[in-house]
Amino acid sequence: MEIRRDVFKAIADPTRRAILSLIASQAMTPNSLAEHFDTSRQAVSKHIKILAECQLVEQQQAGREIFYQLNPEKMKEVADWLAPFTQLWESRFSQLDEVLHNLKNK
Amino acid sequence: MENKTKITKSANRMVVLRNFDAPVPQVWRAWTDSELLDQWWAPKPYKARTQIMNFIEGGFWHYAMVGPETEEMWARFDYQSICVHDYFKGKDSFCDADGVKNEDDFPGMDWTNTFIESGEGTQVRVEITFKSEIDMEKIAKMGFIEGFTAAHQNLDHLLKSGAVR
């Protein structure tokens, strides 16, 4: 499984993260998405374009409208890639919690 | 009370954020005192074992991660700059039992660990910069990290069941 580097770059941006969480529950048009942001519509479109380029977002045509929806498979790939690191740190930190807890009680 | 670990990655940099329910001096101690580090640094079922610890600028921590079959993985953390109760920076490399670095396979990672007061507790920010994205992939694919998965789930169960604490 090869993940292009720009996937991670794409999700590192706070606006793009917000877009992903908005469309996670329902497909949205570019206009309805843009209403959630203070930036210009062009700026939002640019973010969507980046997300679409790395397949995190898919387009759907419904009549005249274009809807964007999340590609859960791609999101899963990202999560899978990070999983070993997440496990490593969570394991470490659970133990660190215990160490700190013991320090407090001394 | 649940403190979540947040991990983000961009290009060759990884940032790990986590809150702890203890004041900065205690958390700092847990990160810089080898006796305490040995208790938590290695994810289960591994155990960290310190060989040498010299927590000063220019000093280093030489330690082994010892597995359940007593297999050893040696590493060292060279401290480059230290600002007490604030941050420390250094370089983490794999090495052998004598501390000789193995920089051919892994060129080492640059670390900045920052400790920020957050209410009654502490937020720790770990920033790891890999020499290249390829190195990062190598580390991600290393078996010993993958092996932690099952063990971690066990620990999670223990913590949730209240058996620990």
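Predicted model: local features only at pLDDT ≥ 70, side-chain atom pairs only at ≥ 80, totals over all residues.
Colleague: How is a sheet read, and in what order do the strands of chain B stand?

Modeller: Strands of a sheet pair through backbone hydrogen bonds, either parallel or antiparallel. Helices (H or I, at least four residues) and strands (E, at least two) are DSSP runs numbered from the N terminus, and two strands pair if DSSP finds at least two bridges between them. Here 8 strands of chain B form an open, antiparallel sheet in the order 1-2-8-7-6-5-4-3. Strand 1 (6-10) and strand 3 (47-53) are at the edges with a single partner strand each, so one side of each has no neighbour in the sheet. On average, neighbouring strands are turned by 25° against each other, direction ignored.

Colleague: How many bridges join strand 4 of chain B to strand 5 of chain B?

Modeller: There are 7, between antiparallel strands at residues 60-66 and 72-83. B:Phe60 has B:Asp78 of strand 5 opposite. This hairpin has 5 residues between its strands, and B:Thr70 takes a positive phi near 60°. Strand 5 also pairs with strand 6 (residues 87-94) of chain B, antiparallel over 8 bridges; there B:Tyr79 is the bridge partner of B:Gly90. That hairpin has 3 residues between the strands, with B:His85 at a positive phi near 65°.

Colleague: And which residue stands opposite B:Trp111?

Modeller: B:Ile128 in strand 8 of chain B. Strand 7 (residues 109-118) and strand 8 (residues 121-130) of chain B pair antiparallel over 10 bridges.

Colleague: How is a helix pair described, and at what angle do helix 5 of chain A and helix 1 of chain B pack?

Modeller: Two packed helices are described by the angle between their axes and the distance between the axes. Axes are lines fitted to C-alpha atoms, for helices over the stretch in contact, and angles run from 0 to 180 degrees between N-to-C directions. For this pair the angle is about 125° and the axes are 10 Å apart. The two helices are therefore oblique to each other, on a scale where angles under 35 degrees are roughly parallel, over 145 roughly antiparallel, 65 to 115 roughly perpendicular and the rest oblique.

Colleague: Which residues meet between these helices?

Modeller: A contact requires C-beta atoms, placed from the backbone, within 7 Å. A:Leu96, A:Val99, A:Leu100 and A:Leu103 meet B:Gln26, B:Val27 and B:Ala30. A:Leu103 is partly exposed, with 16 other C-beta atoms within 10 Å; 20 or more would be buried, 12 or fewer exposed, and partly exposed lies in between.

Colleague: How many residues has the largest nonpolar core?

Modeller: A nonpolar core is a set of buried Ala, Val, Leu, Ile, Met, Phe, Trp, Tyr and Cys residues joined through C-beta atoms within 7 Å. The largest has 32 residues, and A:Leu96 and B:Trp40 are among those with the most contacts inside it. Helix 5 of chain A gives the most to this core, 7 residues. Beyond four places in sequence, A:Leu96 contacts B:Phe20, B:Ala30 and B:Trp40. Another core, of 14 residues, lies apart and includes A:Ile19 and A:Tyr68.

Methods. Residues numbered from 1 in each chain as written. Chains lettered and ligands numbered in written order. Contact = placed C-beta atoms within 7 Å.
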